[in-house]
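Let's take a walk through the inside of a protein model together. Please have the structure open in your viewer as you read.

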Amino acid sequence: MKLERAAATELIQNGSFGAGSVAPWWNGANTQVRVENGRLRVDVAAGTTNPWDAIIGQSGIPLASGQAYTLSFTASASASVSVRTTVQLESAPYTATLNQQLSLDTTSRRFSFPFTSSLASNQGQVTFQLGGRAGTATILLDDISLTTSSTGSGPLAMTSGFYVDPNSNPASWVRANGGDARASRIQSAIASKPMARWFGNWNADITSAVSGFVGAADTADKLPVLVAYNIPGRDCGSHSAGGAGSPDAYRAWISAFVTGLGNRPAIVIIEPDAVAQLDCLPNDTERQTRLGLLRYATEQLRDRAPNTWAYIDGGNAGWIPADTMAQRLEAAGARNTRGFALNVSNFYPTAQSSSYASAVNAALSSRYGYTLPFAVDTSRNGNGHNGEWCNPAGRKLGTPSQTGGGAELLLWVKVPGDSDGQCGIAPGIPAGQFSPELAIRLIDGT
C-alpha cells in the first residue's frame with residue numbers, strides 16, 4: 001500500500017477575501033457581491049424561481065475522474081434559507097460531481113464535503129446557488145477551499161481499485177461446481193466482481209479473520225470492503241438474528257475487529273439495520289444502550305484504524321423519515337465516521353437513495369451544522385424496488401462497485417445470490433446461504 005501523503009493542493013483562488021477583492025468569483029443575475037469585513041457578502045434579489053437563478057461561482061477548476069477532493073467553507077445567512085453548492089462542469093449540461101443541499105441561518109458554520117470526482121475536465125467550477133425563494137436574502141461566505149493532493153486521499157488513494165474476494169460465497173460455489181451450466185455465468189457476472197465480506201459471531205477469531213482479509217487485499221494493492229454485523233439483538237430476532245450476547249461482549253468484539261484492521265486501507269460498513277431498527281427494541285434503556293455501542297464502534301474505528309473509511313448504516317429510502325434518521329445518526333456517532341451507508345441488502349434505485357441522502361444531510365446540517373458523504377449498496381438495485389425486501393422476484397444486479405455515480409461510493413455490500421432468509425423466491429434457503437438460482441435470477445432480472 002502507498003502510505004505516503006502528498007501535500008494538499010488548493011484549487012480555489014481568493015477563498016479568504018482578505019485582500020478586499022471579489023475576483024475571480026463571478027455572479028449571475030439576481031445577485032450582488034462585495035467583500036464586507038473580510039467575508040464575501042452576497043445579496044440575493046426577491047422572486048427567484050430556481051436555485052440557479054441566483055448564483056455565484058468560480059470557474060476554470062481542473063477535475064480528475066476518481067480523484068478525492070474536499071470542498072469546505074464557512075457560511076451564514078440573514079435568515080433561515082436553503083442553498084445548494086456544486087462542483088460541476090462550467091458549460092451545458094452542467095454535470096455535477098458534487099451536488100449538496102444545505103441549510104443556513106444567522107449562526108456561522110463550517111461545512112466540509114469530501115467527494116470523489118466522477119468528472120474529468122479542465123473546465124470545472126464551484127457554484128453556490130442561492131435562488132428559489134420569494135424574499136430577499138443575504139449570504140456571507142468565507143474560507144472557501146477546494147483541496148486535493150497528487151495521490152488523492154484516504155484508502156482510495158492508497159490502493160488501486162476494490163478487492164475481489166476470492167473466497168466469497170459465489171466464488172466458492174463456482175470453484176466447487178465447475179461442471180454446473182450456471183457456473184461460468186455466475187463467475188463472470190458476480191464472483192469476479194468486488195463485494196463486501198460480512199463479519200459476525202460466526203467468526204471464531206474475529207481479529208484473525210479481519211486481519212487475514214485486509215492483509216490479502218493489501219498484498220494485492222486493492223481496497224477491501226467489510227461489514228461489521230454483530231450488534232446485540234441483531235435483525236430484531238428475524239432471519240439474521242444473533243449478535244453479541246451482551247454490551248460488554250460487543251465492545252470486546254468490535255475492538256478486536258478494529259485490531260484486525262490496523263493501519264491498512266479498508267472500507268467498513270457499521271452494523272446494517274442497527275440504527276433503523278431501534279424501534280424494535282422494547283424500551284428506551286435498550287435503545288440508548290444500542291446507540292452507545294454504535295458510538296463506541298465509531299470511536300474505535302476513528303481512533304485506531306487511521307486508514308479506514310467507516311460508514312454507519314442509515315437504512316434505506318423507504319424506511320425511516322430523513323429527519324428522524326439524522327437525529328439517530330448523530331446519536332449513534334456518525335460525526336466520528338466518514339459517512340453513512342444506504343440501501344444495504346435492499347433494492348431502491350441509486351437516484352432514490354441519493355435523494356434520501358440529501359434530505360438526511362439537510363437535516364444534519366440544520367440540526368447539527370455538518371453533513372456527511374454517503375455510500376449506496378447497488379448489489380441488487382438494477383430493477384429497483386417492488387415493495388418487498390426478502391428475496392423478491394424480478395430484481396437485478398446493479399452498478400458494480402465504483403467511486404462516484406451518485407454517491408461517494410457505490411458498493412456491492414450484500415453478496416448477490418446470498419439469501420435474505422427463508423422467504424420470497426427462496427423459502428428453503430437460510431439467510432446468508434448462497435443460492436445459484438437466486439444468483440441467476442439476479443443476472444437475468446427475473
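What follows looks at the nonpolar cores and then at the cavities.

The model is predicted, so local features need pLDDT of at least 70 and side-chain atom pairs count only at pLDDT 80 or more, while totals for chains, interfaces and linings use all residues. Residues are numbered from 1 along each chain as its sequence is written, and side-chain values use heavy atoms, with hydrogens and water left out.

Start with the largest nonpolar core, which has 54 residues. Such a core is a set of buried Ala, Val, Leu, Ile, Met, Phe, Trp, Tyr and Cys residues joined through side-chain atoms within 4.5 Å, where buried means under 20% relative accessible area with a 1.4 Å probe, protein chains only. Leu 226, Phe 257, Leu 261, Ile 312, Phe 340 and Val 360 have the most contacts inside this core. Helix α5 (residues 247-261) gives the largest share, seven residues; helices here are DSSP runs of H or I, at least four residues, numbered from the N terminus. Apart from this core lies another, of 36 residues, including Trp 25 and Leu 89.

Now for the cavities, sets of points on a 1 Å grid over the protein atoms alone where a 1.4 Å probe fits but cannot get out, with lining residues having an atom within 4 Å of a point. The whole structure holds two of 30 Å³ or more, a volume being the space filled by probe spheres set on the points. About 90 Å³ lies in the largest cavity, and its lining includes Arg 380, Asp 418 and Arg 441.

Note on methods:
Buried means under 20% relative accessible area, exposed over 50%, partly exposed in between (1.4 Å probe, protein chains only). Helices (H or I, at least four residues) and strands (E, at least two) are DSSP runs, numbered from the N terminus. On a 1 Å grid over the protein atoms alone, a cavity is a set of points where a 1.4 Å probe fits but cannot get out, and a pocket is an open set with protein on both sides within 12 Å along at least five of seven lines; lining residues have an atom within 4 Å of a point.
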